[in-house]
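Trainee: I am new to this structure and would like to know what the terms rest on. Please set each value against its definition.

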Amino acid sequence: QVQLVESGGGLVQAGGSLRLSCAASGRTFDMYFMAWFRQAAGKDREFVARIRGSGGITDYTNSVKGRFTVSRDNAKNMVYLQMNSLKPEDTAVYYCAAGSRPGAYGSWGQGTQVTVSS
């Protein structure tokens, strides 16, 4: 398992941008699929984006396609989520997750709050 720590959340107006970061421990970081999830108040946690170990292939939930970009820097053990054109419905706690394959995320961060005001 890896230890994950998210940062970069905050309050932003609709249409604005934020960049979330996730710092990972461990020497085999590039072997992990990395993903971002989010959980809005009173709702289930939902998948947002993922990126494979090599960084070449990404996937997004439909509601963020064209607005969010996931990336990673394996040399720094970092994963990022660039969020543009933010909407109030993007308000949630965002979590970073790591796993050996998509859907099998065994390591989670503590979450970072993103609030988008209208």
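Trainee: Which residue is the bridge partner of Arg19 in S8?

Mentor: In S8 the partner is Gln82. This is a predicted model, in which local features need pLDDT of at least 70 and side-chain atom pairs pLDDT 80 or more, while totals for chains, interfaces and linings use all residues. Residues are numbered from 1 along each chain as its sequence is written, and side-chain values use heavy atoms, without hydrogens and water.

Trainee: What makes a stretch a strand?

Mentor: A strand is a DSSP run of E with at least two residues, and strands are numbered from the N terminus.

Trainee: What is the order of the strands in the open sheet?

Mentor: The order is S1-S3-S8-S7, four strands with antiparallel pairing. S1 and S7 (68-73) each have a single partner strand, so they stand at the edges, and one side of each has no neighbour in the sheet. From one strand to the next the twist averages 15°; for such angles, axes are lines fitted to C-alpha atoms (for helices over the stretch in contact), and the angle runs from 0 to 180 degrees between N-to-C directions. S7 is paired with S8 over six bridges, and Thr69 stands opposite Gln82 in S8.

Trainee: Why is S3 called largely enclosed?

Mentor: Buried means under 20% relative accessible area, exposed over 50%, and partly exposed in between, with a 1.4 Å probe and protein chains only. Five of the seven residues of S3 (residues 18-24) are buried, so the rest of the structure largely encloses the strand.

Trainee: Which strands join S11, and in which sense does each run?

Mentor: S2 (residues 10-13) runs parallel to S11 and is joined to it by four bridges, with Gly10 opposite Val114. S9 (residues 92-101) runs antiparallel to S11, with three bridges, and Val93 stands opposite Gln113. S11 (residues 112-117) has a covered face of Thr112, Val114 and Val116, while Gln113, Thr115 and Ser117 make up the uncovered one.

Trainee: What makes Cys22 and Cys96 a disulfide?

Mentor: A disulfide is a pair of cysteine sulfur atoms within 2.5 Å. The sulfur atoms of Cys22 and Cys96 are 2.1 Å apart, so the pair falls within that limit. One disulfide is found in a search of the whole structure. Cys22 is in S3 and Cys96 in S9, so the bond ties together parts 74 residues apart in sequence.

Trainee: Why is the disulfide called left-handed?

Mentor: The torsion about its S-S bond is about -80°, so it is left-handed. Cys22 is buried at 0% relative accessibility, and Cys96 is buried at 0% too.

Trainee: Is Gly53 buried or exposed?

Mentor: Gly53 has a relative accessible area of 8%, so it is buried. Gly53 lies in the loop between S5 (46-51) and S6 (58-60). Beyond its neighbours within four places in sequence, Gly53 is in contact (heavy atoms within 4.5 Å) with Asp30, Tyr32, Arg72 and Asn74.

How values were computed
Pairing = 2+ DSSP bridges.
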